[in-house]
Amino acid sequence: MSVPALNIKNVSHSYGTRKALDDVSFTVAPGSFTVLLGLNGAGKSTLFSLVTRLYAARSGEIEILGADVMRAPGAALRRLGVVFQARTLDLELSLMQNLIYHAALHGIGPLEARRLGLEALARAGLAERANDKARALSGGQMRRVEIARALLHKPRLLLLDEPTVGLDIKARADLLAHVRGLVRDEGLGVLWTTHLIDEIAEDDPVVILHQGKVLATGRAADVVAQSGADTIGAAFARITGVDARSEG
Ligand SMILES: Nc1ncnc2c1ncn2[C@@H]1O[C@H](COP(=O)(O)OP(=O)(O)OP(=O)(O)O)[C@@H](O)[C@H]1O
C-alpha cells in the first residue's frame with residue numbers, strides 16, 4: 001500500500017478538562033477526495049490546528065506523506081497546503097501580490113513566484129484578474145485564490161476547513177467541482193471538512209467525526225449501507241443521533 005497523504009494515529013487533544021479529540025485515527029489516500037463530516041464543535045478545527053502545528057501539545061501521531069509533523073516538521077509542512085475557514089487574503093493587495101507574499105514565506109523568489117502565480121491563477125480560471133485587488137472578487141473567487149495560494153509550493157496534500165461556508169449554492173458547487181478537478185487531474189490528496197452532507201459523493205471516502213470521536217470511516221456508499229439507512233443524511237443521523245442539514 002502506498003504511503004498515505006495524511007495519517008492520523010490515535011490523536012487526542014484537550015482544552016483544559018474538555019476533550020476536543022478522543023483517540024482519532026484515519027487516513028487520506030493520495031489522489032483521494034476525503035470528506036471529514038462533522039457538526040460544529042466536532043473537533044475539525046482542532047484537528048487542523050494539530051496537523052498544521054499551530055498546537056503542539058497532543059498525544060498520538062500525525063504524518064504527512066510519511067513525514068511526522070513533530071519529528072520532521074520542515075519536510076511535513078512542505079508537503080501540505082491549507083485553506084482555513086476564515087478568509088485570509090489581503091483585500092487591498094492584487095491577487096498576484098497576495099500570491100507573491102505567500103511564496104516568499106516558502107523561500108520562493110519573486111520571479112519564480114510570478115511564474116507559479118500565473119500558472120496557479122490560470123488553473124483557478126482567474127489569470128486575467130491577476131492585477132485586480134482581492135476586494136473586487138466574489139466569495140467563490142476569493143476561495144479559489146486561497147486554494148491557488150495554498151498550492152503554490154506544490155504540496156501533495158491540501159486541507160480545507162469548511163471552505164464553502166458563506167457561499168451561495170452555485171459558488172459552492174463550482175468550488176467543489178474545482179477541487180474535485182485538482183484531485184482527478186493532479187493526483188492531489190484532499191481533506192475537505194464540512195457539515196453539509198450534500199457535498200459528499202457516493203464514492204468519496206468519508207470520516208464521520210462527532211464530539212471528538214471518529215464514529216465511521218469508509219466509502220460513503222458503504223457507510224450508508226452499513227448503517228442500514230438510505231442516504232448519507234439518514235446514515236449520519238443514525239450514527240450520531242443528530243440530524244445534519246444539507247445547507248447552511
Ligand atoms: N481554544 C479553545 N479553548 C477551549 N475549548 C475549545 C477551544 N477551541 C475549541 N474548543 C472546544 O473544543 C471542541 C471542538 O471544537 P472545534 O472548533 O475543533 O470544532 P469544529 O468541528 O471545528 O467546530 P466549528 O466548525 O464550530 O469550529 C468544542 O467543544 C469547542 O468548544
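β9 and β10 form an antiparallel pair held over six bridges. The model in question is predicted, so everything below is read off computed coordinates. Within this pairing, I208 sits opposite A216 of β10. The hairpin that β9 and β10 make has two residues between the strands, and there Q211 adopts a positive phi near 45 degrees.

β9 also has a partner in β3 (residues 33-37), this time in the parallel sense and over three bridges. Here L36 has V207 of β9 as its bridge partner. As for burial, five of the six residues of β9 are buried, so the strand is largely enclosed by the rest of the structure.

Next comes helix α7, which spans residues 220-227 and has A220, V223 and V224 buried. Why do these three end up on the same side of α7? They cover an arc of only 100 degrees around the axis, and that puts them on the same side of the helix. The general rule behind this is simple enough: an α-helix has 3.6 residues a turn, so residues three or four places apart point the same way. What do the buried residues of α7 pack against? The answer is β9 (205-210), β10 (213-219) and α8 (232-240). Just after α7, G228 takes a positive phi of about 80 degrees.

Zooming out, the protein chain splits into domain 1 (1-79 + 155-248) and domain 2 (87-154). The C-alpha centres of domain 1 and domain 2 are 25 Å apart. Eleven residues from domain 1 and ten residues from domain 2 take part in the contact. On the side of domain 1 that touches domain 2, the largest share, five residues, comes from helix α6 (residues 169-186). Sorted by class, that side of domain 1 has seven nonpolar, two polar and two charged residues.

Then there is the ligand. The residues around the ligand are Y15, R18, A20, G38, N40, G41, A42, G43, K44, S45, T46 and E162. Both β2 (18-28) and α1 (44-51) supply at least two residues each to this shell, and α1 gives the most, with three residues. In terms of class, the shell around the ligand has three nonpolar, six polar and three charged residues.

Definitions and conventions. Residues numbered from 1 in each chain as written. Predicted model: local features only at pLDDT ≥ 70, side-chain atom pairs only at ≥ 80, totals over all residues. Buried ≥ 20, exposed ≤ 12 C-beta atoms within 10 Å, placed from the backbone. Helix = DSSP H or I, 4+ residues; strand = E, 2+ residues; numbered from the N terminus. Arc of directions from axis to C-beta. Contact = placed C-beta atoms within 7 Å. Domains from an automatic or database assignment. Nonpolar A, V, L, I, M, F, W, Y, C, P; charged D, E, K, R; others polar. Pairing = 2+ DSSP bridges. Near = placed C-beta within 6 Å.
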